[in-house]
Amino acid sequence: MEIKNEDYYISYNNETTTINCEGSLRLGGITDYVPVVELFNRVLDMEPPLITFDIRQLQFLNSSGINVLSKFVIKVRQKKNVQMVVQGSKQIPWQGKSLKNLKRLMPSLQLEWM
Amino acid sequence: MIKIFGNIIEKPDESEGYLVIGFSPNSIPIQQRWRNNGLSADFLADYIISFFPKTKNNPNDIDKHIEIKGIVSYVANELLENAMKFSDKNWSFPISMQLQLYENSIGFFVTNSILDKSVAKFQTYIQTILGSDTEALYIEQLEKNATNDNSTDSGLGLLTMINDYTAKIGWKFEVNNQRTIVTTIVQLSI
């Protein structure tokens, strides 16, 4: 599963159960994010025991995108049988500032800085 | 008539240097214009960092550049997105963003028209933000968004600026020929 665009690239690797997001995701609100949300939901429907969310190369994410990511974390939290690791980069300012909020939504979520 | 909310500073004197960009909100459809917000935000961020010295191979300077570029890009993009979303498309009043560099801060002044019917709702939202624990409000907003798949606006832009970027924000509403324009003023410490 993947979404490719001149600004961003999103993919899911079945073997490592990793969602990878790269580039710049600054879409115009909830409707424009529908394909992204659908990809995330398809991953969650498979209920892998662990979802790794690799955003180390995600340079920009707007607040609508933060909303999408946060909603996904809440859905994972509701599953009980799925754990989540978010891999971020301190070299990307928005991540250093905003990723901590995901742990407030799901305390068992692991944040790995790489 | 002028109404002020939050923390405002006046636009600097014209004799001082500043950068301003302007858009016509209704010249092309918003969908086509959207990508321009990110490009403009990145341009403004690149412009601002040129004022910060970078000594070759000094990791502190390089980190500072990355940090400033990231915060200016995020805040400018959010402000442009809001201006684009909420401006009155039936009026050709331009959207403008002025950027001002101070000794220890950066000021953003974004002016746009706003639909009359949206003014009261927006002012109520501003008062909610100003009177709340914004960290708690942020989580509350996310939990609310999670249960509502039909919400079209995340309502997170201003809250992330305040909580994660320690931005000071103020709003100035002015009525001009019976139409309302709003200037959003954001100050970021650097």
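Okay, quick definition first: the radius of gyration here is taken over C-alpha atoms, and the globule rule is 2.2 Å times the number of residues to the power 0.38. For the 114 residues of chain A, a compact globule would come out near 13 Å, and chain A has 13 Å, so the two agree.

Housekeeping: this is a predicted model, where local features need pLDDT of at least 70, side-chain atom pairs count only at pLDDT 80 or more, and totals for chains, interfaces and linings use all residues. Residues are numbered from 1 along each chain as its sequence is written, with chains lettered from A and ligands numbered from 1 in the order in which they are written.

Staying with chain A, the C-alpha atoms fill a box of roughly 35 × 25 × 25 Å along the principal axes. Its order along the sequence is β-β-β-α-β-α-β-α-α-β, taking helices (H or I, at least four residues) and strands (E, at least two) as DSSP runs numbered from the N terminus.

Now over to chain B.

Which residues of α1(B) are buried? N37(B), G38(B), A41(B), L44(B), A45(B) and I48(B). Buried means 20 or more other C-beta atoms within 10 Å of the residue's own, with C-beta atoms placed from the backbone.

Technical notes
Buried ≥ 20, exposed ≤ 12 C-beta atoms within 10 Å, placed from the backbone.
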